Amino acid sequence: MKNSFGLVRAVRLGVRSLLLHRLRSLLTTLGVLFGTSSVIAMLAIGEGASAEAQDQIRALGSQNIILRSIKPATQATNSNQSSRVSIYGLTHADHRRIEQTYMQFLNSVVPVRELAQEVRNGPLVEQPRVLATTSEYVKATSRRMLSGRFLSDLDEISAANVCVLGSELARRLFPFSDPVGQQVKVGVEYYDVIGMLAPRVLAGDTKGRPMEGLTDELFLPLSTGKKYYGELLVRSNSGSRDIEQVQLHELVLGVKEPELVLDVADATREMLGRFHDEGDYEVIVPLEELESARQTKRIFNIVLGSIAGISLLVGGIGIMNVMLATVTERTREIGIRRALGAKRKHIVSQFLVECVVLSVGGGAVGVLLGLAIPIAVEHFAGMRTVVTPLAPILAFCISAGVGVLFGLYPAWRAATMDPVEALRHE
Amino acid sequence: METAEPALGPGAASNERPEAAPPAVTVQQGITGLPAGAPPASQIVASLDEVQKVYSTGAIDVTALESFSFDFAAGSYWSIMGSSGSGKSTLLNILGCIDRPTSGRYLVRGEDTAALDDDALSELRSRHLGFVFQSYNLIPQLDVIENILVPLLYQDDPPADGEERARMLAERVGLTGRTHHRPRELSGGQQQRVAIARALINNPALILADEATGNLDSTTALEILALFDELNAEGKTIVMVTHEKEVGERAHALLRLKDGRVESVE
């Protein structure tokens with residue numbers, strides 16, 4: 001009871017002493033203020049960026065393993081001829097082998113082929129990604145239908161001339177009408193549009209807008225694609241033609257249990273390694289990337305935290321500097337107080353309280369500023385920020401600690417002064 | 001008599017010069033500093049016994065007090081005079097327990113100060129001693145009442161009626177109506193009155209005044225001296241250092257110092 005009263009009085013007296021030099025006290029607190037706010041703001045921005053990266057990875061499906069064909073680098077250097085067929089990538093044999101070997105661990109294996117074809121609706125011509133795939137694609141990639149339906153198994157078996165449009169492509173080809181039930185021309189064949197796929201909402205955009213191009217897609221049954229367009233992919237590239245023969249561009253494996261993902265990924269890598277001489281494929285495991293994104297986030301946080309910590313340190317040194325000057329300036333007051341009976345601990349606590357008032361004052365305003373900065377960043381820069389509840393608490397405690405730590409030495413200097421000398425000080 | 005030498009360490013003790021220092025107690029010659037006609041002192045407030053104070057400044061040791069023995073009786077009013085360097089400030093610092101003797105004993109109300117640590121000595125100052133300085137030495141950010149209260153702030157168990165006492169003392173020294181002024185809003189004489197009230201707040205056994213009228217004009221100085229007279233008449237023990245003869249003669253007894261020794265007692 002008496003102690004708490006004493007503390008209140010000490011804080012009140014400390015504030016009053018600080019108010020004697022308003023500008024100096026204000027400038028001193030600025031160091032801690034900006035240190036604290038930058039700790040919070042930097043952590044919020046870092047947290048936001050990593051949350052965004054993690055969401056993007058999660059959108060790929062954390063239970064998926066994605067096998068993708070890539071053009072090996074060695075072939076690219078060999079192709080001196082202007083027109084040469086490069087054969088690479090995942091094969092139907094790979095698809096079969098995976099299904100035969102690992103099906104017990106998998107929900108689905110979705111093959112995807114990319115076709116280089118123009119898509120027309122009357123005079124409107126587009127060059128979207130034309131993907132030949134199976135009915136399970138939508139489920140495996142957790143996409144959603146806007147209207148109509150996706151490809152079915154029956155479409156696959158009958159190699160039907162049906163297709164599904166991504167919403168962006170649909171908007172461009174059918175600006176004024178509902179595409180479902182109408183026809184589009186892919187290459188030289190006509191297809192019935194049976195459905196429209198919703199935009200893939202990525203967390204990256206705080207306003208929830210789809211990212212441009214991601215829904216610029218057209219899906220048709222795998223068998224239909226094979227029937228009409230074969231396995232040659234012809235790309236015209238600034239005068240030269242680039243002909244590639246790729247059986248499958250992508251295989252999306254949906255693993256049953258999350259804990260099996262890494263094992264299946266390893267086994268798949270090994271299996272593919274046995275049948276492919278060159279590195280003409282890649283294995284993307286979103287779960288692994290999620291892990292590495294978390295790791296990156298940790299490092300990112302440490303780096304940002306250190307930078308912010310340094311600014312707090314600078315703020316603390318500022319406090320110490322000013323308090324040392326104050327102690328010298330108030331030497332006589334210290335002498336008077338000592339003569340009138342102040343013990344060393346009283347002098348220590350008096351100056352320590354002033355330091356802590358400075359740093360906690362700066363820290364409190366800094367927390368408010370630090371909470372405001374992420375809001376402003378989100379509003380004006382469109383970046384995602386995440387303020388974890390721990391950040392302001394941590395920043396505030398650190399700022400108070402800075403006051404105590406950097407106040408100790410000046411307070412100790414004040415307390416150990418010889419009262420006789422201090423009283424003689426002019 | 002063996003005592004601690006806290007300030008200067010063991011080397012200082014070897015500095016004693018045995019051939020100097022005739023027995024010092026005898027110089028008091030029956031002069032007690034008590035008002036004329038008062039009964040003999042029942043109690044010695046402060047007692048110095050063979051006190052020596054040596055300052056080491058680099059290579060040279062300066063002896064400020066030399067085998068100094070003296071007793072200050074309760075209710076006495078002493079003034080201490082002497083040229084600068086005679087040791088009067090050192091004596092006052094030791095009496096005020098803000099400095100320690102190099103050797104010898106100093107007892108306040110019978111308590112040996114050598115046995116007290118820094119905290120206990122501070123507590124003793126805040127309970128039993130009152131200081132009045134030449135330059136008032138008020139704390140600028142505190143108002144009159146708060147300045148008067150400062151010694152109580154540091155007592156381990158301060159009295160509950162401190163503020164009431166401070167108000168009464170402010171009135172007593174003639175500061176009615178100015179209790180919430182800051183020092184810079186007061187004249188020199190008023191500031192010294194605050195300082196006197198502050199010296200009285202803990203009802204001290206001994207009031208030490210260091211050139212208390214040195215910064216004041218003669219009229220104000222006389223008012224302040226009248227205040228000291230009143231306080232002594234009420235039974236307060238006062239030791240006042242001064243270099244002004246008229247001021248020194250206001251006290252009941254005058255102690256002259258020279259070269260760290262008692263020159264005369266009048």
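**Ground rules**

I am looking at a predicted model, where local features need pLDDT of at least 70, side-chain atom pairs count only at pLDDT 80 or more, and totals for chains, interfaces and linings use all residues. Residues are numbered from 1 along each chain as its sequence is written, while chains are lettered from A and ligands numbered from 1 in the order in which they are written.

**Both chains**

I looked up the secondary structure, with helices (H or I, at least four residues) and strands (E, at least two) taken as DSSP runs numbered from the N terminus. Chain A has 14 helices and 15 strands. Chain B has seven helices and ten strands.

Next I checked burial, where a residue is buried if 20 or more other C-beta atoms lie within 10 Å of its own, exposed if 12 or fewer, and partly exposed in between, with C-beta atoms placed from the backbone. In chain A, 41% of the 426 residues count as buried. In chain B, buried residues make up 46% of 266.

Then came contacts, meaning two residues whose C-beta atoms, placed from the backbone, lie within 7 Å. Of the chain A contacts with a separation of 6 or more, 81% are between residues 24 or more positions apart. For chain B, 74% of the contacts between residues at least 6 apart in sequence join residues at least 24 apart.

**Where the chains touch**

How many residues of chain B are in contact with chain A? I noted 18 residues of chain B, in contact with 16 residues of chain A. Helix 2 (118-128) and helix 3 of chain B each supply at least two residues of that side of chain B. The largest share, six residues, comes from helix 2 of chain B.

I sorted the residues by class: Ala, Val, Leu, Ile, Met, Phe, Trp, Tyr, Cys and Pro count as nonpolar, Asp, Glu, Lys and Arg as charged, and the others, Gly among them, as polar. The side of chain B that touches chain A divides into six nonpolar, seven polar and five charged residues.

**The four-stranded sheet of chain B**

I traced an open sheet of four strands in chain B, in the order 2-1-4-5, with antiparallel pairing. Two strands pair if DSSP finds at least two bridges between them. Strand 2 and strand 5 (111-112) of chain B are at the edges with a single partner strand each, so one side of each has no neighbour in the sheet.

Strand 1 (residues 44-57) and strand 2 (residues 60-73) of chain B are joined by ten bridges. B:I44 has B:A73 as its bridge partner in strand 2 of chain B. Their hairpin has two residues between the strands, and there B:G58 takes a positive phi near 65°.

Strand 1 of chain B also pairs with strand 4 (residues 103-108) of chain B, over five bridges in the antiparallel sense. B:S47 stands opposite B:L107 in strand 4 of chain B. Two bridges join strand 4 to strand 5 of chain B.

**The six-stranded sheet of chain B**

This one is also open, with the order 6-7-8-3-9-10 in chain B and mixed pairing. Strand 6 (129-132) and strand 10 (261-265) of chain B stand at the edges. Strand 3 (residues 77-81) and strand 8 (residues 238-241) of chain B pair in the parallel sense over four bridges. B:S79 has B:M240 as its bridge partner in strand 8 of chain B.

**Two helices crossing**

I fitted the eye to helix 3 (residues 144-153) and helix 4 (residues 162-172) of chain B, whose axes come within 9 Å and cross at roughly 125°. Axes here are lines fitted to C-alpha atoms, for helices over the stretch in contact, and angles run from 0 to 180 degrees between N-to-C directions. Helix 3 and helix 4 of chain B are therefore oblique to each other; under 35 degrees counts as roughly parallel, over 145 as roughly antiparallel, 65 to 115 as roughly perpendicular and the rest as oblique.

**One residue in chain A**

I ended on A:M320, in helix 10 (residues 286-329) of chain A. Why does A:M320 count as buried? Because A:M320 has 20 other C-beta atoms within 10 Å. Leaving aside neighbours within four places in sequence, A:M320 is in contact with A:F406, A:Y409 and A:P410.
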